[in-house]
Amino acid sequence: MNENKGGKRASTSLPPYLAMLRKDFRKNKYLYFIGLFGVAYYFIFSYIPMYGIIIAFKDYSPVKGIMGSPWVGFQHFTEFFQSFYFWRLLRNTLLINLYELLFAFPAPIILALLLNEVKHAFFKRSVQTVTYLPHFVSIVVICGMIVDFSRKGGLFNLILGWFGLEAQNLLLDPSLFRTIFIGSGIWQGIGWGSIIYLAALTSIDSQLYDAAKIDGANRWKQMLHVTLPGIMPTIIILLILRIGGMMDVGFEKIILLYNSQTYETADVISSFVYRRGLLEADYSYSTAVSLFNSVVNFMLLILANRISRKVNETSLW
């Protein structure tokens with residue numbers, strides 16, 4: 001602290017948190033520079049375009065522009081909530097995500113636990129390679145395979161024929177769409193999804209297994225009392241993120257597989273937004289539907305994070 005000519009005391013030092021920030025910046029300036037590109041990407045392509053959300057509250061016309069279009073308030077939201085499609089879209093979206101949460105989410109965990117028990121290195125690497133490969137196949141190619149396999153003369157019907165079942169185009173049956181969608185998703189993502197759990201397994205102290213063996217624990221009990229608790233924080237974090245996306249279903253795979261006969265079980269919010277916004281050019285209405293979807297996802301994420309923090313003290317923030 002120094003005194004100026006007027007007798008007032010002027011501070012020449014920075015507050016502690018700014019001093020620590022400046023010190024850290026000087027030490028890691030190259031990392032900050034690299035991180036700047038990521039920040040710029042999200043700022044340019046995610047935050048700046050957010051001003052376009054206001055067309056959900058306007059009767060948007062490309063000729064008049066965003067600011068010149070008339071304001072209609074919550075008219076589009078009200079129209080969507082009162083429409084025939086609302087409950088069908090909400091039901092299908094939640095059911096598909098619920099089935100994915102029940103069946104697809106645990107699948108990579110189970111695979112990682114099984115691979116962790118394999119001692120033969122060559123067999124373990126072979127299984128990992130085979131299960132990773134579908135992740136790198138284009139979703140268009142995957143859907144093309146599913147369409148071909150689901151035809152009357154396709155692979156699926158050939159297998160069903162062995163059990164005496166009648167051949168049919170499986171993708172035309174609304175009751176089978178969710179099963180095909182979830183099953184193909186598990187096949188494509190189980191290997192890639194297990195990577196993060198396999199990485200978490202490597203951080204478990206081997207001395208814990210030795211102690212469990214001394215206490216008489218077999219392989220099953222070691223998995224229950226050592227392995228699962230060791231990767232539980234990772235599972236919880238990914239579960240919170242998954243719950244935060246309970247209203248999201250990738251429209252690419254949906255629109256490549258569904259048809260007018262399966263709308264009753266296959267049509268979800270994202271596919272409806274695609275049809276209404278891009279095919280019918282109703283931009284304001286589709287933006288309102290998409291905004292509703294995002295708000296619900298945000299609320300679910302906050303709720304899941306808060307519950308997790310109170311129950312087991314593990315959370316995103």
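## A walk along H10 and its helical neighbours

Let us start with helix H10, which runs over residues 174–201. H10 has 28 residues and reaches 40 Å from its first C-alpha to its last, close to the 40 Å expected at 1.5 Å a residue (the expected span being 1.5 Å times one less than the number of residues). Helices here are DSSP runs of H or I with at least four residues, numbered from the N terminus. This is a predicted model, in which local features need pLDDT of at least 70 and side-chain atom pairs count only at pLDDT 80 or more, while totals for chains, interfaces and linings use all residues. Residues are numbered from 1 along each chain as its sequence is written, and side-chain values use heavy atoms, with hydrogens and water left out.

Now follow H10 to Gly 189, where a kink of about 50 degrees is centred; the bend is the angle between axes fitted to the seven residues ending at a residue and the seven starting there.

H10 also has a packing partner, helix H5 (residues 85–104), at an angle of about 40 degrees and with the axes 10 Å apart. Such axes are lines fitted to C-alpha atoms over the stretch in contact, and angles run from 0 to 180 degrees between N-to-C directions. H5 and H10 are therefore oblique to each other (under 35 degrees counts as roughly parallel, over 145 as roughly antiparallel, 65 to 115 as roughly perpendicular and the rest as oblique). From H5, the residues Arg 91, Asn 92, Leu 95, Ile 96, Tyr 99, Glu 100, Phe 103 and Ala 104 meet Arg 178, Phe 181, Ile 182 and Ile 186 of H10, contact meaning heavy atoms within 4.5 Å.

Leu 208, Tyr 209, Ala 212 and Lys 213 of H11 touch Gln 222, Val 226 and Thr 227 of H12.

H12 (residues 219–243) also packs with helix H16 (residues 283–312), at an angle of about 155 degrees and with axes 8 Å apart. H12 and H16 are therefore roughly antiparallel. On the H12 side the contact uses Ile 236, Ile 240 and Ile 243, and on the H16 side Leu 300, Leu 301, Ala 304, Asn 305, Ser 308 and Asn 312. An α-helix has 3.6 residues a turn, so residues three or four places apart point the same way.

Methods. Helices (H or I, at least four residues) and strands (E, at least two) are DSSP runs, numbered from the N terminus.
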